Amino acid sequence: QVQLVESGGGLVQPGGSLRLSCAASGFTFSSYVMSWYRQAPGKERELVAVATTGGSTVNADSVKGRFTVSRDNARKMVYLQMNSLKVEDTAVYYCNARYFTTNAWGKGTLVTVSS
């Protein structure tokens, strides 16, 4: 079955950088659209960035110019490079894999931006 494991979260100061990783297994990675979502305390889960099967990327307006999503199909990995972090970026970040009716999630990694 589809398995996704996020890593790289932690505590960082405002203006700092962090790189999240998502390791995928159990499926044909190149066929899936990979995305990053986040959920802050008391808020709904929101889309952060998308990496399509063709390699194009789309970012949410709130992170454009600061975050970069990328994927490595050979290694079955997806990344989220986060720069110029803000306090409002604090959330649990989730890796997502979608293909037709399959919609799989990792358990998340916590990113805390605080001074």
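Tutor: F27, F29, Y32, Y99 and F100 form one aromatic cluster. Keep in mind that this is a predicted model.

Student: How many aromatic pairs does a search of the whole structure find?

Tutor: The search finds six aromatic pairs. One of them joins Y32 and Y99, with 5.1 Å centre to centre and 35° between the planes, and this pair is tilted. Y32 lies in the loop between strand 3 and strand 4, while Y99 lies in strand 9, so the pair ties together parts that are 67 residues apart in sequence.

Student: Is Y32 buried or exposed?

Tutor: Buried means under 20% relative accessible area. Y32 has 8% relative accessibility, so it counts as buried. Y99, at 35%, counts as partly exposed.

Student: What kind of pair do Y37 and W105 form?

Tutor: Planes over 60 degrees apart count as edge-to-face. The ring planes of Y37 and W105 stand at 65°, with the centres 4.8 Å apart, so the pair is edge-to-face. Y37 belongs to strand 4 and W105 to strand 10 (residues 102-105), and the two are 68 residues apart. Y37 is buried, with a relative accessible area of 18%, whereas W105 is partly exposed at 33%.

Student: Which strands pair with strand 4?

Tutor: Strand 4 covers residues 33-39. Strand 9 (residues 91-99) pairs with strand 4 in the antiparallel sense over seven bridges, and V33 stands opposite R98 there. Strand 5 (residues 46-51) also runs antiparallel to strand 4, joined by five bridges; here W36 stands opposite A49.

Student: What lies between strand 4 and strand 5?

Tutor: The two strands form a hairpin with six residues between them. In the turn, G42 has a positive phi of about 75°.

Student: How many residues of strand 4 are buried?

Tutor: Five of its seven residues are buried, so this strand is mostly covered. As a general idea, nonpolar side chains tend to be buried together in soluble globular proteins. In this structure the largest nonpolar core has 29 residues, and L4, W36, L80, M82 and Y93 have the most contacts inside it. Strand 4, strand 5 and strand 9 are among the elements that give two or more residues to this core.

Student: Where do the charged ends of R19 and R45 sit?

Tutor: A charged end can sit over a ring. The charged end of R19 sits over the ring of Y79, 4.3 Å from its centre. For R45, the ring is that of Y94, and the distance to its centre is 3.8 Å.

Conventions:
Residues numbered from 1 in each chain as written. Predicted model: local features only at pLDDT ≥ 70, side-chain atom pairs only at ≥ 80, totals over all residues. Heavy atoms only, no water. Buried < 20%, exposed > 50% of the residue type's maximum accessible area, 1.4 Å probe, protein only. Helix = DSSP H or I, 4+ residues; strand = E, 2+ residues; numbered from the N terminus. Pairing = 2+ DSSP bridges. Core = buried A, V, L, I, M, F, W, Y, C linked by side-chain atoms within 4.5 Å. Phe/Tyr/Trp six-rings, centres within 6.5 Å; stacked < 30°, edge-to-face > 60°. Lys NZ or Arg CZ within 6 Å of the ring centre and 35° of its normal.
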